[in-house]
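Student: I am new to this structure. Please take one part and walk me through it closely, then set it in its surroundings.

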Amino acid sequence: MFRHAIAPLRRYTKVSHDVVRHPQLNSDAKVLLLYIQGLPEADAAKPLSEHAAKLGLKGRAYQRAKQHLVACGYLHEWRWQGSGGRWATDQLLANVTLTREEANQLRESGVSPEPPSEQPPTVGEPDERIVGSPPKEKEQEKTLPHPPPEEHQPDGDGDGPPEVAEAERVLLSLRHTHRELLLGVREARGLAEAAAEWLRRGIPAGELRRALTAGLPAGGVRSAVGFLRHRLVHKLPAAAPEAPPAAAATVARGLVICEGPGDDHVFRPVGDETHCGPCRLGAAAVPRPRRTRAVSWRTLVEEAAGGA
């Protein structure tokens, strides 16, 4: 695939990769979120449904996009009744995931959250602009985009168990699903041993992630470390029953001659028995006198040779 992209100089909206690549937001929800973020303040006060109608999102498509935004923490709503008895709905749409507690604080303060990259304007008169080409080093430093922060990877020295490293990766990835479960590197490393016990008991990494993120408290998670430690300890599944020890293999014995009646025949004994199975069954069913065993021709030849 070829790609041709030119960075716009005006009329653009800054978008985080967390929004564009969010696995739980459908395309309608992403377009609606970006459309709202690019509106001027005068037009942003309209209800969300009116903006969605301008984009052609109506009916079930709009409701589905709205549900995705609410489930992922980008949209928060409050329904309240005014003094005249009429009901009204306040909506807050953010370009970052917010917990219910954070959304309530922003609603009470009435101030929109400032992105961390925004800086206050510099005080003073602007410097005189010099016409000409800037130095090569400064131009590269200005035009090249800043690389995104790298995801921390557990130490790969190979000294620790592989389950601990896998558990640490699972714990660090929880922030992509719920921002309130953000863990630091040391915090994740402190919980990795408890999470690795789940993997040792046969729980896949995907099921461990779902067990830690499903059914979060309605009021939000105050402490991600305490919440995850409580779930890892109290919801630990039972260990799988150990397999019974393998029975000792029976040592195979050689063939022996049966001492039962009839012609000579051999069998392979299991213990110290001297009669084969058919002979034991026959002797138990019908007792018969023991017959004299016939002399083999080899014995007769040897006796004849000895007498000569």
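**A cysteine pair and the helix core**

Tutor: Cys 276 is buried, with a relative accessible area of 6%. Buried means under 20% relative accessible area, exposed over 50%, and partly exposed in between, using a 1.4 Å probe and protein chains only. This is a predicted model, where local features need pLDDT of at least 70, side-chain atom pairs count only at pLDDT 80 or more, and totals for chains, interfaces and linings use all residues. Residues are numbered from 1 along each chain as its sequence is written, and side-chain values use heavy atoms, leaving out hydrogens and water.

Look next at the sulfur of Cys 276. The closest cysteine sulfur belongs to Cys 279, 3.3 Å away, which is too far for a bond. A disulfide here requires a pair of cysteine sulfur atoms within 2.5 Å. Cys 279 is therefore in no disulfide, and its nearest cysteine sulfur is that of Cys 276. Cys 279 also counts as buried, at 15% relative accessibility. The disulfide count by this rule is 0.

Now turn to helix H8, residues 162-172. Helices (H or I, at least four residues) and strands (E, at least two) are DSSP runs, numbered from the N terminus. The buried residues of H8 are Val 164, Ala 167, Glu 168, Val 170, Leu 171 and Leu 172. They pack against helix H9 (185-200) and helix H10 (205-213).

Leu 171 leads on to the largest nonpolar core, which has 26 residues. Such a core is a set of buried Ala, Val, Leu, Ile, Met, Phe, Trp, Tyr and Cys residues joined through side-chain atoms within 4.5 Å. Leu 171, Leu 183, Leu 208 and Leu 228 touch the most other members. The elements giving two or more residues to this core are H8, H9, H10 and helix H11 (224-234). H9 gives the most, with 7 residues.

Take Leu 208. Setting aside residues up to four places away in sequence, Leu 208 touches Val 170, Ala 195, Trp 198, Leu 199, Ile 203 and Leu 232. Contact means heavy atoms within 4.5 Å. A second, separate core has 17 residues, including Leu 33, Tyr 62, Ala 65 and Leu 69.

Last, the loop between H8 and H9 holds Ser 173. Ser 173 counts as buried, at 16% relative accessibility.

Of the 308 residues, 22% count as buried.
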